[in-house]
There are 4 protein chains.
Amino acid sequence: MNALTKAVKDGDLILLYFSKREKYITKVKSGEAFYTYKTVVNFDDIIGLPYGTKVRLKSGVEVMLSRPSLEDIVYTLFIRKTQVLYPKDIGLIIIKSGIGPGSRVVEAGSGSGFLTAYLAHFVRPNGHVYSYEVRPEFLEIAKRNISILGLSDFITFKLQDITKGIDEDEVDAVILDMSSPWNVIKYARNKLRHGGSFISFVPTVNQMEKVVLELRHHSFIEIEAFEVMVRNYKVAMGETRPVSVGMPHTGYIISAHRP
Amino acid sequence: MNALTKAVKDGDLILLYFSKREKYITKVKSGEAFYTYKTVVNFDDIIGLPYGTKVRLKSGVEVMLSRPSLEDIVYTLFIRKTQVLYPKDIGLIIIKSGIGPGSRVVEAGSGSGFLTAYLAHFVRPNGHVYSYEVRPEFLEIAKRNISILGLSDFITFKLQDITKGIDEDEVDAVILDMSSPWNVIKYARNKLRHGGSFISFVPTVNQMEKVVLELRHHSFIEIEAFEVMVRNYKVAMGETRPVSVGMPHTGYIISAHRP
Amino acid sequence: MNALTKAVKDGDLILLYFSKREKYITKVKSGEAFYTYKTVVNFDDIIGLPYGTKVRLKSGVEVMLSRPSLEDIVYTLFIRKTQVLYPKDIGLIIIKSGIGPGSRVVEAGSGSGFLTAYLAHFVRPNGHVYSYEVRPEFLEIAKRNISILGLSDFITFKLQDITKGIDEDEVDAVILDMSSPWNVIKYARNKLRHGGSFISFVPTVNQMEKVVLELRHHSFIEIEAFEVMVRNYKVAMGETRPVSVGMPHTGYIISAHRP
Amino acid sequence: MNALTKAVKDGDLILLYFSKREKYITKVKSGEAFYTYKTVVNFDDIIGLPYGTKVRLKSGVEVMLSRPSLEDIVYTLFIRKTQVLYPKDIGLIIIKSGIGPGSRVVEAGSGSGFLTAYLAHFVRPNGHVYSYEVRPEFLEIAKRNISILGLSDFITFKLQDITKGIDEDEVDAVILDMSSPWNVIKYARNKLRHGGSFISFVPTVNQMEKVVLELRHHSFIEIEAFEVMVRNYKVAMGETRPVSVGMPHTGYIISAHRP
């Protein structure tokens, strides 16, 4: 993700863009090849070519050599073993948490590491993410996913139950995507720096209610509970309309600050 | 925003938290005082006290010394001379743009500097924001607002019409909150790095349509058009419901990548 | 509402339409006049004129003689002493209840009579609405409101607590806009005809949950819980967008059928 | 739909309710049977039984004899050859149109007759629906669908292009679900009674804009443009949440009155 080169090199993550509907993200490996159902891309043929080049393969098929975005990588290459967070929720979680480069963040659970990836991305180069997870199989998935991005240095994965306590002190944010976040609030109260933020993501209204009531009980301030809906549009000249499938529900976000 | 101290010191931005409904953000100035309609806070009385302290003032009123978040500062202290972007839209703009620490971003127009502040916050410490604005009076407001945050080093403000061209090369993202974004797409096409992202925020559906059609004309890929709605909840034990006022409309976001 | 005449006559409800923003609904009374802040309309001057006529008053001001719709009358002339139901919710309540001309409907509480008016409107000419209300002051308001429409013959108002029982048998629908609808479900179970429908409108998610669970307990079928949101648009050539104020929350609707 | 009997009789539409997920609507025919994949229902065995009876079939399977609602019949038994309108939109169209028992309504196009069915249902017993359709194959479907409900007497189907003119005079409402509703506005202007309502349902924002501008051009009043969204909830004790699939988009509704 870091040193962006202008030309394709061994080990890069590359977006092979055939068309709007046919595109693949893969790792460039010298001496190997990538197979689609209708053509083959020999990596040695593209190493050294500048990104943005449109290449005509031996099969006659054309492919654009493109650089994948963080979003492309996370939502295409990451293995999912759990429900994952989506950009619509991650975006406002990041803003409400107040984090940025240099922040110290506690997260639980790691899940498949989707949110972890974004947290690590934004706290670079001098911040850190402490990611708690009680299920070892998920922790392995999260670690494997994060390694694709080269962001592992910014994360400490902990096979540990956050409802038993938080080890880190003076953290800037505690961000929870887990089923009983109310059990963590008393620890967050003590381990957050003054003004630090608490964020919880939950799928049901009952959990939302419970989290808010527990935050009030612990005197958190600026408590907000909300949900984010994103509506996608299908644009065509004179025929623009929302996509038919509509807005899916994912969950509710609760944000608050330690007083 | 950067070196967070544990104790209040001269020059800090402080959140004087009297109650949920009465709170003020101000700059601590030795020798001076802050007046509310019912009490006075002499800064010399609080300098040196740790953040999180609850102070009983001479008037008998209690105040919590708290540290404001980036959001508190931007949405409370920034002067507004234009329509401004809100967290719900800024969050997904940041995610869709793919930017982060180290990114080079072109933005137009600067407006009142609300989005500029968030962009600068996230590209720190080694990225940069180039912010174009044609109206000198807004540029001054944006500069003044940004100076409150101490983020001015990460931004170059340019009194320049972006529909005439973009000076910077190989930028990671071009982000537009202006009335005729379609006039900038041909420049963005050339000045974005390969895989770089284009983002436009517009209030009307007709503008959304026009931006998408122009992006297609210039062969941008992964074009998406959407809007973000946030629904706030009023939580009470057994009486939880969305707030009555509902979800306001702000605008549509279009995102795309240079192929 | 019934015998629509082509010309204005004494006793008609009339819509005096001055402009989009200035319009009044009033009852035509021979010998009297209607005063606005800038002109006066003598009813005797307009009696006998066809609806649709644009009249120039002595003051020089022009007014269109128009016929108000049911919605105009209910939402303009009805006195509100309670929260009232809005068209967005009434529309789907009517559809989900399955009622129509000839239906027998039990309603509680009468409130200000807004829903009652629509129920009576749709069950005409051979159906009937039984409207329960425990607060005498609201019952009087509801009666007064309904009398404006001339629909009183289709409604029996009952100063009675529906949580103590329902008098009517074999009703087509029981429709509740009250705070403890779960207390009525056991009666609705017995007094609805087979296939008859139960509808409840509640403001909070907790009430929605409680109603659904109680309906399941009493073996109701085809239980649905939903909310209706309406988004209004501000249309202008090339500048069309949702209105800024957004979509207000009113409440949740639960519908079910007696098996 | 009309004379509701307490016992099942030959020719009735019946809802055979096996479980929440397995239910069928069919016509009771003496001497015949209804087959599901696991049992058979001989109609002669159930004729004469009261609705609401739970019958144990020879196969040992139990079935509840229930009466289908109008919605059950329309959305289960009607053949669909076109996009159809859904309850969420029909509900508010009915309310905004101001129609009710006795109204004279012009509709176009007939489509598959879903909206036609509801219009006929609500204008009974002394109103009438004039339904225009230019495609003979759809008109046949609509007629066939409506005949199931026994509402054919309240509808005149016309194989006629409404963009060429409206035959009826002094109609209470003109309701359009067709692709170029703006071509009908000039006729609606003349054929609606004073105060009569115009309603148009369109899938795209561009059509919505065009309809509103044309209505303004013809001096219609009280013009509103909106869309209806319905959000369904999955209710469980302590685990209540919106359904994941979210709110689908169907179209925009424009309503207005003839001045």
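Reader: Is the crossing of H4(A) and H5(A) left-handed or right-handed?
Author: The crossing of H4(A) and H5(A) is right-handed. A crossing counts as right-handed if the near helix is turned clockwise from the far one by less than a right angle, and left-handed if anticlockwise. This is a predicted model: local features need pLDDT of at least 70, side-chain atom pairs count only at pLDDT 80 or more, and totals for chains, interfaces and linings use all residues. Residues are numbered from 1 along each chain as its sequence is written, while chains are lettered from A and ligands numbered from 1 in the order in which they are written.

Reader: What do H and E labels stand for?
Author: They are DSSP runs, numbered from the N terminus: helices (H or I, at least four residues) and strands (E, at least two).

Reader: At what angle do the axes of H4(A) and H5(A) cross?
Author: Roughly 40°, and the axes come within 9 Å. H4 covers residues 114-123 of chain A and H5 covers residues 136-149 of chain A. Axes are lines fitted to C-alpha atoms, for helices over the stretch in contact, and angles run from 0 to 180 degrees between N-to-C directions. That angle makes H4(A) oblique to H5(A). Under 35 degrees counts as roughly parallel, over 145 as roughly antiparallel, 65 to 115 as roughly perpendicular, and the rest as oblique.

Reader: Which residues meet there?
Author: From H4(A), A:Thr116, A:Ala117 and A:Ala120. From H5(A), A:Ala142, A:Asn145, A:Ile146 and A:Leu149. Contact is when C-beta atoms, placed from the backbone, lie within 7 Å. By class, this contact has five nonpolar, two polar and no charged residues. Ala, Val, Leu, Ile, Met, Phe, Trp, Tyr, Cys and Pro count as nonpolar, Asp, Glu, Lys and Arg as charged, and the others, Gly among them, as polar.

Reader: New topic. How do the axes of H3(A) and H3(B) cross?
Author: At roughly 115°, with the axes coming within 8 Å. That makes H3(A) roughly perpendicular to H3(B). The crossing of H3(A) and H3(B) is right-handed. The residues of this contact divide into 10 nonpolar, two polar and four charged.

Reader: How many residues of H3(B) are buried?
Author: 11 of its 11 residues, so to count as buried a residue needs 20 or more other C-beta atoms within 10 Å of its own (exposed is 12 or fewer, partly exposed in between; C-beta atoms are placed from the backbone). Among them are B:Ile90, B:Leu92 and B:Lys96.

Reader: What follows H3(B)?
Author: B:Gly98, with a positive phi near 75°.

Reader: Now chains C and D. How many residues does each give to the contact?
Author: Chain D gives 51 residues and chain C gives 50. On the side of chain D that touches chain C, E12(D) gives the most, with 11 residues. That side divides into 28 nonpolar, 13 polar and 10 charged.

Reader: How does E12(D) join chain C?
Author: Seven bridges join E12 (residues 221-234) of chain C to E12(D), and the strands run antiparallel. Two strands pair if DSSP finds at least two bridges between them. C:Val228 has D:Val230 as its bridge partner in E12(D).

Reader: And which strands pair with E6(D)?
Author: E1(D), residues 13-17, pairs with E6(D) in the antiparallel sense over three bridges. There, D:Leu15 stands opposite D:Ser66. E5(D), residues 54-56, also pairs with E6(D) in the antiparallel sense over three bridges. D:Val55 has D:Val63 as its bridge partner.

Notes:
Contact = placed C-beta atoms within 7 Å.
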